[in-house]
There are 4 protein chains.
Amino acid sequence: MKPTILSAPHPRSLELIFTAKRLAQLRDSYEVIEVSEDEIANLSPQVLAQVRYIIGQPPLDHLLLEQLKQLKCIFNVESNLMDNMPYDTLFERGIHVVTTGAVFAQPVAELALGLALDLSRQITAAHQAFENGTEKWGLEGNPQAKLLFNSRVGMIGFGDLGKALATILTGFKPQIKIYDPWLPNSFLSGIGTPSSLEDIFDSSDMIFVLAAVTTENQHFINADLIARMPQGSSLVLLSRAEVIDFPALINAVEKGHITAASDVWPLEPMPADHPVRQLPGFLKSAHRAGALQQCFEDMGEMVWEDLQLLDRGLPPLVCKRAQRETASKMQSKPVSEN
Amino acid sequence: MKPTILSAPHPRSLELIFTAKRLAQLRDSYEVIEVSEDEIANLSPQVLAQVRYIIGQPPLDHLLLEQLKQLKCIFNVESNLMDNMPYDTLFERGIHVVTTGAVFAQPVAELALGLALDLSRQITAAHQAFENGTEKWGLEGNPQAKLLFNSRVGMIGFGDLGKALATILTGFKPQIKIYDPWLPNSFLSGIGTPSSLEDIFDSSDMIFVLAAVTTENQHFINADLIARMPQGSSLVLLSRAEVIDFPALINAVEKGHITAASDVWPLEPMPADHPVRQLPGFLKSAHRAGALQQCFEDMGEMVWEDLQLLDRGLPPLVCKRAQRETASKMQSKPVSEN
Amino acid sequence: MKPTILSAPHPRSLELIFTAKRLAQLRDSYEVIEVSEDEIANLSPQVLAQVRYIIGQPPLDHLLLEQLKQLKCIFNVESNLMDNMPYDTLFERGIHVVTTGAVFAQPVAELALGLALDLSRQITAAHQAFENGTEKWGLEGNPQAKLLFNSRVGMIGFGDLGKALATILTGFKPQIKIYDPWLPNSFLSGIGTPSSLEDIFDSSDMIFVLAAVTTENQHFINADLIARMPQGSSLVLLSRAEVIDFPALINAVEKGHITAASDVWPLEPMPADHPVRQLPGFLKSAHRAGALQQCFEDMGEMVWEDLQLLDRGLPPLVCKRAQRETASKMQSKPVSEN
Amino acid sequence: MKPTILSAPHPRSLELIFTAKRLAQLRDSYEVIEVSEDEIANLSPQVLAQVRYIIGQPPLDHLLLEQLKQLKCIFNVESNLMDNMPYDTLFERGIHVVTTGAVFAQPVAELALGLALDLSRQITAAHQAFENGTEKWGLEGNPQAKLLFNSRVGMIGFGDLGKALATILTGFKPQIKIYDPWLPNSFLSGIGTPSSLEDIFDSSDMIFVLAAVTTENQHFINADLIARMPQGSSLVLLSRAEVIDFPALINAVEKGHITAASDVWPLEPMPADHPVRQLPGFLKSAHRAGALQQCFEDMGEMVWEDLQLLDRGLPPLVCKRAQRETASKMQSKPVSEN
């Protein structure tokens, strides 16, 4: 008898996250019940009692959970934890809640480096000048150009994304300083120097903001910190706009103090007439860092590999497990579209 | 008695390539005679007979060279060898001719990667859309986005620049294929797979053209090769426009077959009304890849370190030596401005 | 009021695992109650109710556990899990059980490489010949010598030790094949090729056996597998003797089929008259791989860093967490002496 | 018409350095004249005038050299330059003299690391104790054990061997200090810290002596330097015994000040009754570090690749070129046997 999977992966879909071949294999090996989130409560007790895995992040209450007697793992393929299920009970019962957000680490890291190189070498601005026939040639075209090689890099937050970014920075031999209050020093050793926020903002040529939003860190990158940045240094924002005082960031660019790039915004989309749209020195991307077709298919592979482990009585290893202590602190808003 | 240096580094200057501190040290340790290139012939035989080093690439004929009895090394700080001195005689006499072009490897490699990431993720195009209020958000904004991670990278030419680029690509774990007819296979092993031009153009996601111009390779990247590139792949040109059929490259971008980026051009500057200026999918940079202030100062350091070795009777190691066999084949045009 | 630590780290001691300075800091920040394992039950209910952390692996029954109302984490500093506490209840209550065995990874990996290089180059045998005046010089002294560089390396088991070993092998650019049934393929990608046991024993120049003993894998490296090894290849055993058919290993060395090295033994110590003691081609070490003074102090640092995280309501990250699914499967015998 | 190779590779032979397949290819592509060194002078002027390449290091005088009108390259496959040909004339005429000594870098580096790990962990001594039934188990068997990880490593001399050793040490993340008076600082940057001899001997846990013998450095590692080494540190000698005060080294081991390992000796073989043979703490190898069958075949590949380049009018790149400035300073004794 095949194990049962309850599938409610909205806004993803099984077709988005699995290749055709893998999806066929999934349907072959499991009883896959596809439902919308609000239909779950209508399933018969017999069906619910058979469910071993859930793909998605549907709201679950205690009553429902009690009926899901064999549930072993919830695969949250959106990746931001919502406060819509009794996590304590899940942890007590040893039901894993895992997320597939690690797939976004590589594409976001690559965009982060692309934005940083653009700010360092004015790639976009020089291209626009070339289009307009106002380009400067050679040394004259490089007034603020700087190298990443051996430069002082600050990282704010160091999860999967930080690791992926540190990896692709390896060949640049950067001097990395890292701030992450959830991580012990030994965890960061060999990658960079654990540092205070103040130290990083005082002494970095390039700062990458990679911290997820939690109940504790909204707007923690404030105007005072930004004011400490060296003249001509740069900040690249990748995680969520809520972690930074966005108007202060815009202001620092307007004054010519720093240059900046961002993939995330206080409002998405930003108002059509917002002045940041025309602000020179502020490189703009419309929350595109992670949303690559290839990544969604990697999600399915992660789910598949952990299903194999779980079926053999082993713990999941590929997806990231939600933690009893921190699950309720995560506040990064889930996406409504892919 | 201090050793004598004849200094004629046009278009560089001693002030451009040495920090103030190092320049003072140079003047302290050596007799530095600063002349324009055409004044050298007017120097007295006594002075010429004292010259141990030349910084620059002034024209030298046999007569002059005979008078430079103690000459041990010519530091060509422009870096492209001109055909204005009797190299055979220099090599016979054991006079080193060295170039400082290696300083450009890192900045050019960094721009190369920046251009490649821009083409892979449409950084400039997405920024321009954001400015215009026509940006697409999330997955919708990423129709052609691709990852560099583990992608198929082709390198055409593999000198200092290739090495620097391969180094900063390390963290991307690319599958590198290399074409360089001057290098034996074992030299490339561990970095990439020595490959034919045809193989590289058939099967690369991203091609970097890094080959210097020689008497043998003008326009060797022809329309046929470009036509072999996979749909949607990209080419980044960094070395010299003469190595490629530039109209064919433009044409391939116009047709939507590939995307491209270039830092070098058949005419510099390009005509104001040249259609490539407005061509979407062709990222443009005005020969800015190497010309960073920081690099010019690195030149001076290279010269300084090799002066120390030469003074102790050792061969120069930091600058690159011109080779008897290939000196006359190098044809990359020297720059007239920095 | 200071949090309470119950300390029963036998056979370790607080003095062994903490530097004097850190131990002072520990006593300063925590109420440290030091007891022998069998005294715990005699502690008053008030004291037990205050205990937040346990350092050690004392036997705990349900009754005792119920009284340890505030217990958050058990630091097992011996590192092999014994079946002497109700793990299910611990996991249900969200009490972490963590081990510090990762400190042994580096020293064991270094000895593993040392043993492998010895087998590859006959370091010990050549030294003994030199002592006896029977040494052979140059090529004549290298009849079976082989390089590790680019050689075929097999790893059986891939936990912390495997990672440490793969790291110090990096510069050898080995072709690594890995067998670890508890790990998914993607976990191993970038390090080696996930492979079957048969494939590894068929085609490795050097096999490292690193697998912990579980309820499922005793003697899984049997005579048939050993018989598949290429003539002249080598096996290095580091984890536990129980995972291999030890007599078959000895036999293969006796026949001149392979060479071997081992740090672990079916009996420790081995009988004084056991023939393996005199067997040429079998390099012997007396369970010394991990027991370095420096490692014990690293244990204390790991405990200290995780205490800081736990005090702040964060999950432990430095020590390794026992898993609900696998805790009961671990069977590596704890050591009775350090 | 095939180019002519004069072959006199004593003490090597074509069969030693080429695989059968490559040797057939060589004979097919070239006219290979095999002679003993003293027969060369007897060859007819017509034959000598055809010779393009020499494999070996036969004595050549000016008269002979004049007759070798087309000579382009001498492949010294022994690798230590003897003072038996007029190097000045060779350099003047642009005839390359190249050596294949780089093949020994990897095997010597691997033995160096093996010896260092043996000294760090007493592998040989513990094995001998195990044979004698006097082994100590666990922590008790590790009184002087130390880790290489993150330890302070000194390198004396930094040619091909140093590079190979630094590469295989990468995963140990050592703190490397390097002394090499022929190399500028920038050459060493990224690998280690250029340092004085005194600094290295004062502050290294493990010193590797890798310097070739020159006219300038005999016995430069003297008793004073050795006396500076930290108690319990180690020295591994790989290059030539002439660079060190060997009796002082032995004395330091006898006193229990340091431990040492050596592959090279003041007399080879050492006298049968020399006390170093029985000296504990001194690990001994009989000049076996480089002489691996596999390396000799790599020599032939190096020669082959450079022949291909030279045939196409390009300079040799794989073998190492003798330098006008340093050729006459090299004094490492050639081997008389392989």
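Trainee: How many residues of H6(A) are buried?
Mentor: This is a predicted model, in which local features need pLDDT of at least 70 and side-chain atom pairs count only at pLDDT 80 or more, while totals for chains, interfaces and linings use all residues. Residues are numbered from 1 along each chain as its sequence is written, and chains are lettered from A, with ligands numbered from 1, in the order in which they are written. A residue is buried if 20 or more other C-beta atoms, placed from the backbone, lie within 10 Å of its own, exposed if 12 or fewer do, and partly exposed in between. H6(A) is largely enclosed by the rest of the structure, because the buried residues number 17 of the 17.

Trainee: What span does H6(A) reach from its first C-alpha to its last?
Mentor: Helices (H or I, at least four residues) and strands (E, at least two) are DSSP runs numbered from the N terminus, and H6 of chain A covers residues 105-121. The expected span, 1.5 Å times one less than the number of residues, is 24 Å for these 17 residues, and the helix comes close to it, reaching 24 Å.

Trainee: Which element gives the most to the side of chain A that touches chain B?
Mentor: Counting contacts as C-beta atoms, placed from the backbone, within 7 Å, 51 residues of chain A meet 51 residues of chain B. The elements of chain A that give two or more residues to this side are H6, H7 (123-132), H8 (160-169) and strand S12 (282-284). With 10 residues, the element that gives the most is H6(A).

Trainee: From which helix comes the largest share of the side of chain A that touches chain C?
Mentor: Here 22 residues of chain A are in contact with 22 of chain C, and the helices of chain A that give two or more residues are H5 (87-93), H9 (185-188) and H13 (293-311). The largest share, four residues, comes from H13(A).

Trainee: Is Gln128(D) exposed, partly exposed or buried?
Mentor: Gln128(D) lies in helix H7 (residues 123-132) of chain D. Because 18 other C-beta atoms are within 10 Å, Gln128(D) is partly exposed.

Technical notes:
Contact = placed C-beta atoms within 7 Å.
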